[in-house]
Amino acid sequence: LAKLYEERNAKLAAPLMEKAIHICFSYLYWLNHKPVVLKEWTKQTETFEFVPVNFSERMAFSLSRPGLYQSYKVIEQMMTELQKLAAKAEIRRRRKI
């Protein structure tokens, strides 16, 4: 994706961005041990224990404009945040054992 945006090829990047968005949603739901059901996702994600800051607003932006470079950067940042939250969740899980 980075290479496509570097080449300013938003048309080819858009379908890959949709996949990246799906992966981001999957990661978030699985991290919170929930099945991935995107109906009313904004309400569902508000109840999650592990969720990136301003997830709903940032994801809504990316969903509305998947071809933009800014949407790519938003998803990239949220994936990094989700990785950190996964590490935090693992630490908490190990402490409970």
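**A helix pair up close**

Guide: Let's start with α2 and α4, which pack at an angle of about 160 degrees with their axes 11 Å apart (axes are lines fitted to C-alpha atoms, for helices over the stretch in contact, and angles run from 0 to 180 degrees between N-to-C directions; helices are DSSP runs of H or I, at least four residues, numbered from the N terminus). This is a predicted model, where local features need pLDDT of at least 70, side-chain atom pairs count only at pLDDT 80 or more, and totals for chains, interfaces and linings use all residues. Residues are numbered from 1 along each chain as its sequence is written, and side-chain values use heavy atoms, with hydrogens and water left out.

The two helices, α2 and α4, are therefore roughly antiparallel, a label for angles over 145 degrees. Where they meet, α2 brings I21, C24, F25 and L28, and α4 brings F55, M59, S62 and L63 (contact means heavy atoms within 4.5 Å). The residues of this contact split into seven nonpolar, one polar and no charged (Ala, Val, Leu, Ile, Met, Phe, Trp, Tyr, Cys and Pro count as nonpolar, Asp, Glu, Lys and Arg as charged, and the others, Gly among them, as polar).

Now look at I75: leaving aside neighbours within four places in sequence, I75 is in contact with M17, A20, I21, M59 and S62.

Back in α4, there's also R58. At 16% relative accessibility, R58 counts as buried, meaning under 20% relative accessible area with a 1.4 Å probe, protein chains only. Not counting residues up to four places away in sequence, R58 touches P52, V53, V74, Q77, M78 and E81.

Terms used
Angles under 35 degrees count as roughly parallel, over 145 as roughly antiparallel, 65 to 115 as roughly perpendicular and the rest as oblique. Buried means under 20% relative accessible area, exposed over 50%, partly exposed in between (1.4 Å probe, protein chains only).
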